[in-house]
Amino acid sequence: MAEITLTSANFDSEVMNSDKPVLIDFWATWCGPCRMLGPVIEEIANEHPEIKVCKVNVDEEQALALRFNVDAIPLLVVMKNGEVTNTSMGFQPKDQVLELLK
């Protein structure tokens, strides 16, 4: 499944009402570690259809970044049933990202 770009407009329908666990990647184009993490997130999206993988560009969606108190990126947030169940800051290898989802 392809990554979903989250905005304030589609956040509730894509995340809060999701029947799957949701992995949200808060990132920015100018962030080196974010660019390193991007291919890892894309692989997870392609290999794990049981997980909804979403991305939030913090420069374009400042309201969502504020809602999640993002003060450093990349920030990964795992949500299940509308609740945050796990977070991770900084670059993580694929196996560690998948561990967040357990």
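## Strand pairing in the sheet

S2 and strand S3 (residues 52-57) pair in the parallel sense over 6 bridges, where two strands count as paired if DSSP finds at least two bridges between them. Within this pair, Phe-26 stands opposite Val-56 in S3. The model is predicted, so local features need pLDDT of at least 70 and side-chain atom pairs count only at pLDDT 80 or more, while totals for chains, interfaces and linings use all residues. Residues are numbered from 1 along each chain as its sequence is written, and side-chain values use heavy atoms, with hydrogens and water left out. Strands (E, at least two residues) and helices (H or I, at least four) are DSSP runs, numbered from the N terminus.

| Strands | Bridges | Facing residues |
|---|---|---|
| S2 (residues 22-27) and S4 | 5 bridges, antiparallel | Asp-25 and Leu-76 |
| S4 and S5 (residues 83-89) | 6 bridges, antiparallel | Leu-75 and Met-89 |

S4 and S5 form a hairpin with 2 residues between them, and Asn-81 in the turn has a positive phi of about 55 degrees. Strand S4 (residues 75-80) is mostly covered, with 5 of its 6 residues buried, that is, under 20% relative accessible area (1.4 Å probe, protein chains only).

Taken as a whole, 5 strands form an open sheet of mixed pairing in the order S1-S3-S2-S4-S5. Its edge strands are S1 (4-5) and S5, each of which pairs on one side only.

How values were computed. Buried < 20%, exposed > 50% of the residue type's maximum accessible area, 1.4 Å probe, protein only.
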